[in-house]
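Biologist: I am new to this structure. Please show me how to read its features, one at a time.
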Amino acid sequence: MTVTVVVGGFYGDEGKGKIVAYLSLSDSHSLAVRGGVGPNAGHTVIYENQVLKLRMLPSAVVNKSTRLLIGPGVLVDPTVTLNEATKYNALDRLVIDRSCGIIEQHHINSDRSGFLSSKVGSTGSGTGPANAERVLRTAKLAKDLDLFKDYLDDIPGIINSQIENGNDVLVEGTQGTFLSLYFGNYPFVTSKDVTASAICSDVGLGPKKVDDVIVIFKSYVTRVGEGPFAGEITESEIQKLGWSETGTVTGRTRRAAPFDFNLARRSIMLNSATSIAITKLDILFPSATGMRKYDELSSDAKAFIENIENELHTSVSLIGTGPEVYDTIDRRL
Ligand code: IMP
Ligand code: MG
C-alpha cells in the first residue's frame, strides 16, 4: 500500500501531467485525487496518439480504470470540468467533493482585469478571486449546484478508507513550489500554498498517511507571468537552446533559466521529497529522446542526473525522455 504525492518543484509546468499519467498506468492506480488550486493548472498528456489538455481532471484520466477525484480544497470551474470529463469520456469516473469552491463568471472577469492581470500576470481562470471569496465565506460550494449532483461525494472519506483497505492512492498537485502563496515571491504567486503539505490538506490526507513525495523538476526552469527569476536567459538564448514553450492555459511564452540547484534544494526541503522526477531530459540531451533504460543514456546525460542526486541528496526515480507517457525511464523497476 503506497500513498504517493506528486508536486511541482519549480514554477509549475515541470511536466507533472505526464508523470502522473505514467504512474497511474504503470502502478495501476484504482484511484487518483487532485489537489492544488483549480483550473489555473494546465497539464498536457500525450498518450496513444492523443493529446490531452487538462485543467481540472486528474492526469490519471489516461488509465480507464482509475477513479478521478477532486478534493475539497480545489476550486472547480463547472464548465471546464464537465467539458473535459465529456471530451475524455470520464463522466462515469468523476467524483467531486461536496465542499469544492465554485468559480463563477464574475471571478473570471475580475481575474482578467486590474492588479491580478497586470501586476501578477495571473492565468485569468478566476482562481484568485474565487479563493478570496471562499476566505470571505461567500463563495458557492459544489453541493449548491444542481448540475453536479450526480458527481458529488466525500473525497477525504473515500481516500482514507481506500488506504485503510490496503490500496494505493495517487495524489496530484498543481502549480509549482515557488508559486506558493507562502514560499514564492509574493505577490507574484498563486492564491494558495501548493507544496506537498497543502496538497494533502486539499484532499483530506493527514501527514502520517503519506509514503512517497515525488518532486518534479524540469531539466531547465521556466516561469510564466511576472516576478523575479534568478538565472533568467534572453528570448534569443531560449530559442538557441530549444527551450521555447508556451503556456497550456494562457498561450503565453515561458521565461526560462538553467536548472537551479538553490531552488531545487529548497524545494526538496519544503516538500520533504522522497525522490525526484526529472522531465525533458531529451531537450538538454537529444540523444536521450525516447530512451526507456537508464543504461542507454549518454555519459553526459547520466552525469547530469547523477550530479542532481549528489547535490540534492535525493534519488532520481523517474526521468522523462519525450512527450509521450511511456517515454520514461523508471528507475524504481
Ligand atoms: P493565478 O494562479 O492564475 O492567480 O496566477 C498567479 C501566478 O501563477 C501567475 O504568474 C501564473 O502565470 C502562475 N501560474 C498559475 N498556475 C500555473 C501553472 O499551472 N503553471 C505555471 N504557472 C502558473
Ligand atoms: Mg502547466
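Modeller: Start with contact, which means heavy atoms within 4.5 Å. Leaving out residues up to four places away in sequence, Arg55 touches Arg34, Gly38, Pro39, Ala41, Gly42, Val80, Glu84, Ser125 and Val249. This is a predicted model, where local features need pLDDT of at least 70 and side-chain atom pairs count only at pLDDT 80 or more, while totals for chains, interfaces and linings use all residues. Residues are numbered from 1 along each chain as its sequence is written, and side-chain values use heavy atoms, with hydrogens and water left out.

Biologist: Where does Arg55 lie?

Modeller: Strands are DSSP runs (E, at least two residues), numbered from the N terminus. Arg55 is in the loop that links strand S4 (50-54) to strand S5 (67-70).

Biologist: Why does Arg55 count as partly exposed?

Modeller: Buried means under 20% relative accessible area, exposed over 50%, and partly exposed in between (1.4 Å probe, protein chains only). Arg55 has 24% relative accessibility, so it counts as partly exposed.

Biologist: Which residues come nearest to ligand 1?

Modeller: A residue is near a molecule if one of its heavy atoms lies within 4 Å of it. There are 17 residues around ligand 1, and Asp13, Asn40, Thr123, Thr190 and Arg252 come nearest.

Biologist: What polar contacts do their side chains make with ligand 1?

Modeller: A polar contact with a ligand is a pair of N or O atoms within 3.5 Å. A polar side-chain atom of Thr123 is 2.6 Å from an oxygen atom of ligand 1. For Asn40, a side-chain N or O atom lies 2.8 Å from an oxygen atom of the ligand. Asp13 has a polar side-chain atom 3.3 Å from a nitrogen atom of ligand 1.

Technical notes
Chains are lettered from A and ligands numbered from 1 in the order in which they are written. A polar contact is a pair of N or O atoms within 3.5 Å; within protein, one must be able to donate a hydrogen and the other to accept it, and residues adjacent in sequence count only if both atoms are side-chain atoms. Helices (H or I, at least four residues) and strands (E, at least two) are DSSP runs, numbered from the N terminus.
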